[in-house]
Amino acid sequence: MSRAGIILAAGMGTRMKSATPKVLHKVAGLEILGHVIAAMKSAGVSRIVVVSAPAMENVRAFASAAGADNAIQDKQLGTGHAALCAKGALGDFTGAVLVNNGDMPLARPEMMSDSLASAERHGLSIVAFRPHDAAAYGRVLLDKDGMLERIVEFKDASPEQRKVDLCCAGTYSAANAQAFFGWAARLSNDNAQKEYYLPEVPLVARADGVRSAVTETDEITVMGVNSRAELADAEAQMQRRLRNAALAAGVGMQAPETVYLSHDTLLEADVQVGPFVVFGPRVTVRSGAEIKAFSHLEGAEVGARALIGPYARLRPEAVIEDDVHIGNFVEVKKARIEKGAKANHLTYIGDARVGPGANIGAGTITCNYDGFDKHFTDIGAGAFIGSNSALVAPVKIADGVYVGAGSTITKDVEKDALAVERAEQKQVSGWAEKFRARKRAEKAAKAKGK
Ligand code: UD1
Ligand code: MG
């Protein structure tokens, strides 16, 4: 059955005190809106409309890139009015529709599909939950059959109604989108906030003889983000969820509570992650690899059995093949480190290829940038780069080359050659002993003079 989704995102989110619209703040490296869109897609929603305010060009760009359509709510007249603004974008669509607040990063697909399935049975369905602190949420009142009587907004609720602990989550489903828009169009704004309330749609539907069902979910799933503190709470909850999923998938973590994951972090079974590791977006780590403490990875691929860190930094487009070792204070950016190569200490490798089995000595730097352009360094299979070498790109070090320690390499080096670039070493026999004797004599003379 065809299903559509409407995401409400036109609210200002003023409590965030940010120039960025609330739904574009990130949780686990993905915009809140991205989480809601992803959950809807997983719930089988094929057409998604995001409702934003006129100034929110960036929200619309994000929605389009994520495969959703856009609708604009010219004035923020309330959630019911916002949902109605999506009508044009859905045309004559008559399948089921799910309407969801845009500020719900922990929304789960199952919560949405339960709600849609319930609406497909009953015509209309809303999601409720029982928060620890019901605060200012809309209160859900049930009739004697356990169907929805009505939702009362906190500001309109009597002291008696405020005692109800069942609250409106901000997720609503209807079996027929056109019926839903018909009800939304009949809302009034005769209430405390002079707004068209989406939670009053069921009241209008009831007048047409359609009683709304209620599905219940847990507090975390429908947690809304309205402030920086709530954003931090949502991040913490999301991290817990991602860590638990990684552990369940066979990832080893000594101190999971210190490991930060992104929404798309892909760690295979038998990856071992040490304490205080941060995974930015787009990281994949293959089985048997170990990411040691205090490493930072982003946009990187790590092959099987590779050893990374401690204190390693893998930046976007770092491709670490199987059995590679990347040690402490090594930074890799846009570079392929081929099978079994090693860079164990204090190195920068950027815009480069390091051939299989090559050994990169401590302090090696690929000098990839001339202030204007980036240039490529190619290091061949089995090459040995002596410590503290500067490889000035563009430069090609062929297979099997030895580069002497401390060299600044500016010209290509041919296969199996030795390249050394430094002044020849001089030896002055007996100089050190003469130097010490002179210094000792000076010191003794000075002491006598005092
Ligand atoms: C809303 C519900 C409340 C529920 C709570 C759950 C209403 C009237 N109340 O309250 O019953 O318990 O969510 O979190 O719906 N938005 C628009 N246009 C508008 C107004 C809001 O697009 O004119 C969007 C916001 O961007 C936001 C969502 O709708 O994503 C909800 O709005 P918000 O102001 O956060 O509603 P709450 O007061 O939280
Ligand atoms: Mg809210």
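On a 1 Å grid laid over the protein atoms alone, a pocket is an open set of points with protein on both sides within 12 Å along at least five of seven lines, while a cavity is a set of points where a 1.4 Å probe fits but cannot get out; lining residues have an atom within 4 Å of a point. The structure examined here is a predicted model, in which local features need pLDDT of at least 70 and side-chain atom pairs count only at pLDDT 80 or more, whereas totals for chains, interfaces and linings use all residues. Residues are numbered from 1 along each chain as its sequence is written, chains are lettered from A and ligands numbered from 1 in the order in which they are written, and side-chain values use heavy atoms, with hydrogens and water left out.

The largest pocket is lined by 47 residues, and Arg15, Lys22, Asn101, Asp103 and Asn226 lie nearest its centre. At least two lining residues come from each of helix H3 (79–84), strand S10 (167–174) and helix H9 (228–248); helices (H or I, at least four residues) and strands (E, at least two) are DSSP runs, numbered from the N terminus. By class, the lining of the largest pocket holds 22 nonpolar, 15 polar and 10 charged residues. In this division Ala, Val, Leu, Ile, Met, Phe, Trp, Tyr, Cys and Pro count as nonpolar, Asp, Glu, Lys and Arg as charged, and the others, Gly among them, as polar.

The second largest pocket has a volume of about 270 Å³. Of the 13 residues that line the second largest pocket, His35, Ala38, Ala107, Pro109 and Arg241 lie nearest its centre. Two or more residues of this lining are given by each of helix H1 (32–42), helix H5 (109–122) and H9, with H1 giving the most, four residues. Seven residues of the lining of the second largest pocket are nonpolar, three polar and three charged.

Rolling a probe the size of a water molecule over the atoms shows where empty space is left. Across the whole structure, one cavity of 30 Å³ or more is found, and the largest cavity has a volume of about 50 Å³. Among the residues lining the largest cavity are Val97, Val99, Tyr172, Phe180 and Pro202. Strand S6 (96–101), strand S7 (124–129), S10 and helix H8 (201–207) each give two or more residues to this lining, and the largest share, three residues, comes from S10. The lining of the largest cavity has nine nonpolar residues, one polar and no charged ones.

The nonpolar interior comes next. A nonpolar core is a set of buried Ala, Val, Leu, Ile, Met, Phe, Trp, Tyr and Cys residues joined through side-chain atoms within 4.5 Å; buried means under 20% relative accessible area, exposed over 50%, and partly exposed in between (1.4 Å probe, protein chains only). The largest nonpolar core has 67 residues, and those with the most contacts inside it are Ile6, Val50, Met112 and Phe180. A second, separate core of 60 residues includes Ala234, Ala289, Ala352 and Ala419.

Which strand holds Thr171? Thr171 is found in S10, and at 0% relative accessibility it counts as buried. The side chains of Thr171 and Asn100 are joined by a polar contact of 2.8 Å (a pair of N or O atoms within 3.5 Å; within protein, one must be able to donate a hydrogen and the other to accept it, and residues adjacent in sequence count only if both atoms are side-chain atoms).

Some backbone details are also worth a look. Most residues other than glycine have a negative phi, and most peptide bonds are trans. A cis peptide bond joins Gly309 and Pro310, with omega about 5°, and Pro310 is placed in the loop between strand S20 (307–308) and strand S21 (313–314). Another cis peptide bond, with omega about 0°, joins Ala393 and Pro394. Lys334, although not a glycine, has a positive phi of about 40°; Lys334 belongs to strand S23 (residues 325–337) and is partly exposed, with a relative accessible area of 42%. Leu346 has a positive phi near 50°, lies in strand S24 (residues 342–354) and counts as partly exposed at 49% relative accessibility.

Definitions and conventions: Grid points are joined across faces, edges and corners, and a volume is the space filled by probe spheres set on the points.
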